[in-house]
Amino acid sequence: MPATATAPSTGIGRDRSLSALVGFEALAIFVFGPLATVHEASRHIFVFNFCFIVLAGIFAVARHTRLAKAVVGLGMVLIPMQPLSLYIGQLWLTSVYILLFVAFLALLSWLILVHVFRRSRINLHCILGAVAVYLHLGLIFALLGTLLVLHVGDKAYAFADALETEHVRLLSRMIYFSFTTLTSVGFGDITPVFPLARSLANLEGLCGQLFPAILLARLVSMELESRHAE
């Protein structure tokens, strides 16, 4: 019998791991995040849903690469910090949590993109990876916006109409603003006021335009190359 070729280890788990990651992120962004501002039970679910996002991200990567080990290490720190940082409301603790979460999402996105571009054929794995990274972009800018709001003084506002003293509700509102900016919807109900907030919004809008165009172009060229090689 002919030998069966085995794909090299790429550092990314099976499709169901990425499916879980995208699913938990979609729930946080489109379901429990909006409800967290008006419903107390959804607020708690929203907080712990981020723990499941971290767990799904850990399972989506293998353990044999250095970056994957860094993702796992950051995830193990983030899981217990998630409820503590958002419920206790200490500024320094929330700030450390946000910076670690941004680093976690950035490293995870890099590993997923490397895996996607190494594949010779476009499949569900590639599509899920692209969707996950796009959602990560929105979450990263939402976290950075939240950090900016928390650190701007009382005499100035980072974002107009995004004033929330409770950290969970603030994060929920910033996720809404982030994805309306990323998708270039821009309803105008929340507007950046502080100069750094405006720069952050401009950068996110640019990423929202360039990322799908560049990624889609690359995926299409990969598919065409694989068909010509057959």
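Which residues have the most contacts inside the largest nonpolar core?

1. **What you are looking at.** Keep in mind that this is a predicted model. The protein has seven helices and two strands, and along the sequence they come in the order α-α-α-α-α-β-α-β-α. Of its 230 residues, 46% are buried. The exposed surface comes to about 11900 Å², with carbon and sulfur atoms supplying 68% of that.

2. **Contacts along the chain.** Take the contacts between residues at least 6 apart in sequence: 74% of them join residues at least 24 apart.

3. **The core.** Back to the opening question: the residues with the most contacts inside the largest nonpolar core are Phe46, Phe50, Phe101, Phe104, Phe159 and Ile175, and that core has 69 residues. Two or more residues come from each of α1, α2, α3 (66–88), α4 (91–118), α5, α6 and α7 (195–229). Helix α5 gives the most, with 17 residues. As general background, nonpolar side chains in soluble globular proteins tend to be buried together.

4. **Helix α5.** This helix covers residues 124–151, and its 28 residues should span 40 Å at 1.5 Å a residue; the end C-alpha atoms are 41 Å apart, so the two agree. Because 23 of the 28 residues are buried, α5 is largely enclosed by the rest of the structure.

5. **Leu144, a residue to check in α5.** Leu144 sits in helix α5, and it counts as partly exposed because its relative accessibility is 26%, where the cut-off for buried is under 20%. Leaving out residues up to four places away in sequence, Leu144 touches Val102 and Leu200. Its C-alpha atom is 9.8 Å from that of Ser178, a residue 34 places apart from it along the chain.

6. **Around Phe159.** This is one of the core residues with the most contacts. Setting aside neighbours within four places in sequence, Phe159 is in contact with Gly145, Leu148, Val149, Met174, Phe177, Ile190, Thr191, Pro192, Val193 and Ala197.

7. **Helix α2.** The 20 residues of α2 should span 28 Å at 1.5 Å a residue, and the end C-alpha atoms, 30 Å apart, agree with that. Its buried residues include Phe46, Phe50, Ile53 and Val54, and also Ser42, Arg43 and Asn49.

8. Is Ser172 buried or exposed? Ser172, found in helix α6, is buried, with a relative accessible area of 5%. Beyond residues up to four places away, Ser172 touches Gly33, Pro34, Ala36, Thr37 and Phe46. Ser184 lies in the loop between α6 (167–182) and β2 (191–192), and is partly exposed at 44% relative accessible area. Have a look at its backbone too: Ser184 has a positive phi of about 60° although it is not a glycine. In general, most residues other than glycine have a negative phi.

9. **A nonpolar patch on the surface.** Leu27, Phe30, Val31, Leu35 and Val38 make a nonpolar surface patch of about 450 Å². One of them, Val38, is in the loop between α1 (15–35) and α2 (40–59). With a relative accessible area of 68%, Val38 is exposed, since exposed here means over 50%.

Definitions and conventions:
Residues are numbered from 1 along each chain as its sequence is written. This is a predicted model: local features need pLDDT of at least 70, side-chain atom pairs count only at pLDDT 80 or more; totals for chains, interfaces and linings use all residues. Side-chain values use heavy atoms; hydrogens and water are left out. Helices (H or I, at least four residues) and strands (E, at least two) are DSSP runs, numbered from the N terminus. The expected span of a helix is 1.5 Å times one less than its number of residues. Buried means under 20% relative accessible area, exposed over 50%, partly exposed in between (1.4 Å probe, protein chains only). Contact means heavy atoms within 4.5 Å. Patches are made of residues with over 30% relative accessible area and no salt bridge: like charges are joined within 9 Å, nonpolar side chains (Val, Leu, Ile, Met, Phe, Trp, Tyr) within 5 Å. Accessible areas come from the Shrake-Rupley method with a 1.4 Å probe; for residues, only the protein chains shown count as cover. A salt bridge is a side-chain nitrogen of Lys or Arg within 4 Å of a carboxyl oxygen of Asp or Glu. A nonpolar core is a set of buried Ala, Val, Leu, Ile, Met, Phe, Trp, Tyr and Cys residues joined through side-chain atoms within 4.5 Å.
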